[in-house]
Amino acid sequence: MNDQPFISQDDPENPGWRTWQMAVDGLYNSFLGKIIMRRDRDDALVRMTPEIEHSNLGGVMHGGAMLGFIDVSLFAAMDILSDNAPGYAVTIDLQTQFTSGAKLHQPITARVSVSRETGSLLFMRGLVEQNDQSVAAYTGLIKKAHPS
């Protein structure tokens with residue numbers, strides 16, 4: 001695996017935002033499409049736009065795709081918020097409450113904050129919003145690790 005597993009660079013389409021993608025093509029994150037991020041004071045903002053491949057039969061974003069986005073958002077946020085962000089980490093716990101369906105073709109934004117950071121753990125929480133409406137709330141626990 002690449003020493004730097006993530007690629008982040010200024011996004012010319014979205015001034016003030018950075019892209020965030022895996023250095024290795026074809027991994028799960030690519031299913032979510034373009035992901036951008038930026039720091040907002042003590043929080044990270046992580047954004048994607050749900051498309052038809054992320055939808056369910058109700059015509060809104062599938063809950064599994066939303067969970068995947070939230071999980072990826074935790075790692076993007078760790079990359080810009082952690083004082084000691086490793087290149088590799090694992091999700092230990094992710095609890096999510098869905099509050100509304102996310103519409104397709106309109107950006108969703110995860111606001112992520114770090115509640116506490118220890119030597120190997122990041123306790124995180126946040127909201128996913130679309131058009132100033134909450135679509136999910138979550139808490140997550142990330143363990144900084146080494147690939148086996």
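## An exposed histidine

At 54% relative accessibility, H105 counts as exposed, where exposed means over 50% relative accessible area, buried under 20% and partly exposed in between, using a 1.4 Å probe and protein chains only. You'll find H105 in the loop between β6 (89–98) and β7 (108–117). Although H105 isn't a glycine, its phi is positive, at about 65°.

## What you're looking at

This is a predicted model, in which local features need pLDDT of at least 70 and side-chain atom pairs count only at pLDDT 80 or more, while totals for chains, interfaces and linings use all residues. Residues are numbered from 1 along each chain as its sequence is written, and side-chain values use heavy atoms, with hydrogens and water left out.

Helices (H or I, at least four residues) and strands (E, at least two) are DSSP runs, numbered from the N terminus.

## Another loop residue

Now look at R41, in the loop between β4 (36–40) and β5 (43–48). R41 is exposed, with a relative accessible area of 70%. R41 is not a glycine, yet it has a positive phi of about 60°.

## A buried phenylalanine

F75 sits in helix α1 (residues 63–81). With a relative accessible area of 11%, F75 is buried.

So who does F75 touch? Leaving out residues up to four places away in sequence, F75 touches W20, A89, V90, T91 and I142; a contact here means heavy atoms within 4.5 Å. As for G126, it lies 51 residues from F75 along the chain, and their C-alpha atoms are separated by 13 Å.
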